[in-house]
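Please keep the sequence and the structure in view while reading.

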Amino acid sequence: MPEIRIVSTRPFPGQKPGTSGLRKKVAVFAQPHYLENFVQAVFDSIGDIAGKTLVVGGDGRYHNRAAIQTILKMAAANGFGRVMVGQGGILSTPAASAVIRKYRTFGGIILSASHNPGGPTEDFGIKYNIPAGGPAPEAVTEAIHARSEAISEYRIVTAADLDLDRPGEQRLGAMTVEVFDPVADYADLMESLFDFAAIRAAFKAGFRMRFDAMHAVTGPYAVEILERRLGAPAGTVMNGVPLEDFGGGHPDPNLVHAHDLVEALSGEGAPDFGAASDGDGDRNMVLGRDFYVTPSDSLAVLAANATLCPGYKAGLKGIARSMPTSAAADRVAEKLGIPVFETPTGWKFFGTLLDAGKATLCGEESFGTGSDHVREKDGLWAVLMWLNVLAARKQSVADIVTAHWREFGRNIYSRHDYEGIDAKAADGLMEHLRGLDLKGKRLGAYGVAVNDDFAYTDPVDGSVSRKQGIRVVFDDGSRIVYRLSGTGTEGATLRVYIERFEPDPARQDIDPQAALADLIVIARDLAEIEARTGRTEPTVIT
Ligand code: G16
């Protein structure tokens, strides 16, 4: 039996999970006791773990394997009965959620900093997902944080590292470690939801796509599902080999960072469909030939077409979207006669709605779409749902989205990010906005109908979350929303979300930056962005 060591430690300040877990630079995580303290705080906060099963895996970024070895040794010392580890330490976030649920485990630990870059000088992250498969709700993350501030010791066994590449069972003291295929269960789940025969037939008939895995975790999943099970030609998956530094790129599927894909999808002769996913496989970006689908529109289009997919034939119970996400999905919900829920940013807020059967589809403007099949957003799921819809409707992406606007109207939408700004300046800017009282006032051509800091009461468990973003909603339904990102590791990122509804088909085919120009100026002036941050332009526009 390996020896269980009880190691004295002292709290590290700031082990507070953000929008999705604890994200810091690798050097922070790699310092002695840092990861150990956080993992012990998790184990101390989640109830009786004796003999239970835990799922562990990550997006394969630098430090993934070292962190997994530590977590395994701590899990054994803390009394877990079994740990299921994705082979090679790999497990996409949605696949982890699927496995946690399928095998009725006591939750899982996912190692990822999502779309943030990886490598020795870049980012790392860790989060605990509950037995339902979703990110821990705020009550749990707050308990973990509180525990991390009071911690004085952690438990770990002294043992040799385990072989994470050899499938099957190994022993670590009284605990069993099972190394399993990270792709198979997930691929089976996808096959149960979508019309693989129709998609296969479309590929056979010449339909072409590119999937950019961005050298992140979805490579092996996409090759198995798209190229092997659906018969797409080899080479459909680009950048399919997961690398510890994602090939030096940002594994962030947006128009800036997935530029290879954007290029591949432009011009005559380009493929019919393009998609990309992020570091840990939960985000997605969808493109047609020379056509970008905003995540907000993607949610609305998928909701309107969901019954074309076998897994959603019975219809949707409801739709949930985060507050800054455009109201495009609300118009679909209205037509379908189903409820729509507006939650704070963060997938964790969808969990109670999905568990209670109140919502079937969820989406966020931050390139997140998903359903009640797991409790995380799911990049490849969204890609497959689009493929199913395209195979069933036999129209182009552009035609489907344009027809959607004609039917429902278009919520013209854009997000402007100011990345890496001074944290104090960012806080000052938000405080300035909080101090404004704009209701009833006029800004340019717009009268202000609502001006508040968004607060949310969960309709299932009654929990309240405040300070979730400053809203300026105008009489005609146009909006400006401001929030600070909760996922960055350097300085602060200000996000400004701008939206206007356009019911007139003759005015819908327009560049969003042009259509929103007056609101963009109002948004910059109101927040005094240039004076407070020194920035004249956003770093990323999506
Ligand atoms: C995480 C959360 C999402 C959230 C996103 C953006 O995504 O899971 O629910 O919308 O962060 O958060 P922020 O605007 O605070 O940066 P991911 O893909 O980073 O895990």
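In this predicted model, a polar side-chain atom of Ser114 is placed 2.8 Å from an oxygen atom of the ligand. The side chain of Thr19 also has an N or O atom at 2.9 Å from a ligand oxygen. Gly486 takes part through its backbone, where an N or O atom lies 2.6 Å from an oxygen atom of the ligand. On its own the ligand has 460 Å² of accessible area, and the protein covers 99% of this. The ligand is surrounded by 19 residues. Glu364, Ser485, Gly486, Thr487 and Arg495 are the closest of these.

Asp252 is the next stop. This residue sits in the loop that links strand E11 (237-238) to helix H9 (259-264). Is Asp252 buried or exposed? Its relative accessibility is 9%, and because the cut-off for buried is under 20%, Asp252 counts as buried. Apart from neighbours within four places in sequence, the residues in contact with Asp252 are His115, Met214, His257, Ala258 and Arg283.

Helix H7 spans residues 196-204, and its buried residues are Phe196, Ile199, Ala202 and Phe203. Why do they fall on the same side of H7? They cover an arc of only 120 degrees around the axis, and therefore share one side of the helix. Just after H7 comes Gly206, with a positive phi of about 110 degrees.

After H8 comes Gly231, which has a positive phi near 75 degrees.

Strand E4 covers residues 82-90, and seven of the nine are buried, so E4 is largely enclosed by the rest of the structure. Strand E3 (residues 53-58) runs parallel to E4 and is joined to it by five bridges. In one of the pairings, Thr53 has Arg82 in E4 as its bridge partner.

Conventions
Residues are numbered from 1 along each chain as its sequence is written. This is a predicted model: local features need pLDDT of at least 70, side-chain atom pairs count only at pLDDT 80 or more; totals for chains, interfaces and linings use all residues. Side-chain values use heavy atoms; hydrogens and water are left out. Helices (H or I, at least four residues) and strands (E, at least two) are DSSP runs, numbered from the N terminus. Buried means under 20% relative accessible area, exposed over 50%, partly exposed in between (1.4 Å probe, protein chains only). Contact means heavy atoms within 4.5 Å. The arc is that of the directions from the helix axis to the C-beta atoms. A residue is near a molecule or strand if one of its heavy atoms lies within 4 Å of it. A polar contact is a pair of N or O atoms within 3.5 Å; within protein, one must be able to donate a hydrogen and the other to accept it, and residues adjacent in sequence count only if both atoms are side-chain atoms. Accessible areas come from the Shrake-Rupley method with a 1.4 Å probe; for residues, only the protein chains shown count as cover. Two strands pair if DSSP finds at least two bridges between them.
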